[in-house]
Amino acid sequence: MKFLNVMTLLLGGAMLFSCNSESENNCPENFTGALLAEEEPLVGEWTLSGVMSAKEIDLTDDDTDNPLKDIFAQYDECEKDVVYIFKTDRSYTYEVGRNVDDCDYSVPSRGTWQLRSKNLSLVTSCQLYITALEFNEEATEFSYSNIYNITDVDGGIIQTSIEFTYTLVP
């Protein structure tokens, strides 16, 4: 939960501070145009299916010291409910808490996308984000990783690589 809250705050902060001057518009332009053949496999709905840490971390407040590298296993149902939807018109939607009832939070994000040489570029809220993706052989899963500072259940901060995996909904 704390990990997701940190990610939500980072995304929200980027949205709030990305364009702060009305007289100066330095926002990146939205992606437009027809999709290339290398981009077509990304079109569809992708659900979060895994979150793995390089280091063991305990995120569960269950009075048991049980750190795991499998962060996804420690998430509650709302935290696991994360979806990317990539459309052929280059628009995308990112949603948290979309399919599970009674989630306390929801983080919708919309923008445009482009995939070049396995680098996913997203334009949203006056920001450009570029992430290197790794696809499985069948192009039914993609993953990406980055270094994050994670706060464990005891308040300790652990710096580790986190890999997120998304699976294509048939």
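The exercises below work through the core and the strand pairing of a predicted model.

Residues are numbered from 1 along each chain as its sequence is written, and side-chain values use heavy atoms, with hydrogens and water left out. Because the model is predicted, local features need pLDDT of at least 70 and side-chain atom pairs count only at pLDDT 80 or more, while totals for chains, interfaces and linings use all residues.

**Exercise 1.** Find how many residues the largest nonpolar core has, and which have the most contacts inside it.

*Solution.* Start from the term: a nonpolar core is a set of buried Ala, Val, Leu, Ile, Met, Phe, Trp, Tyr and Cys residues joined through side-chain atoms within 4.5 Å, where buried means under 20% relative accessible area (1.4 Å probe, protein chains only). The largest such core has 32 residues, and those with the most contacts inside it are Tyr84, Phe86, Trp113, Phe142 and Tyr166. Among the elements that give two or more residues to this core are strand E1 (44-57), strand E3 (82-86) and strand E10 (157-168); strands (at least two residues) are DSSP runs, numbered from the N terminus.

**Exercise 2.** Determine in which sense E1 and E3 pair, and over how many bridges.

*Solution.* Two strands pair if DSSP finds at least two bridges between them. E1 and E3 pair in the antiparallel sense over four bridges, and Glu45 has Ile85 in E3 as its bridge partner. E1 is also joined to E10 by seven bridges, again running antiparallel, with Val51 bridged to Phe164 in E10.

**Exercise 3.** Locate Ile147 and state which residues it touches.

*Solution.* Ile147 lies in strand E9. Leaving aside residues up to four places away in sequence, Ile147 touches (heavy atoms within 4.5 Å) Gln159, Thr160 and Ser161.

Technical notes
Buried < 20%, exposed > 50% of the residue type's maximum accessible area, 1.4 Å probe, protein only.
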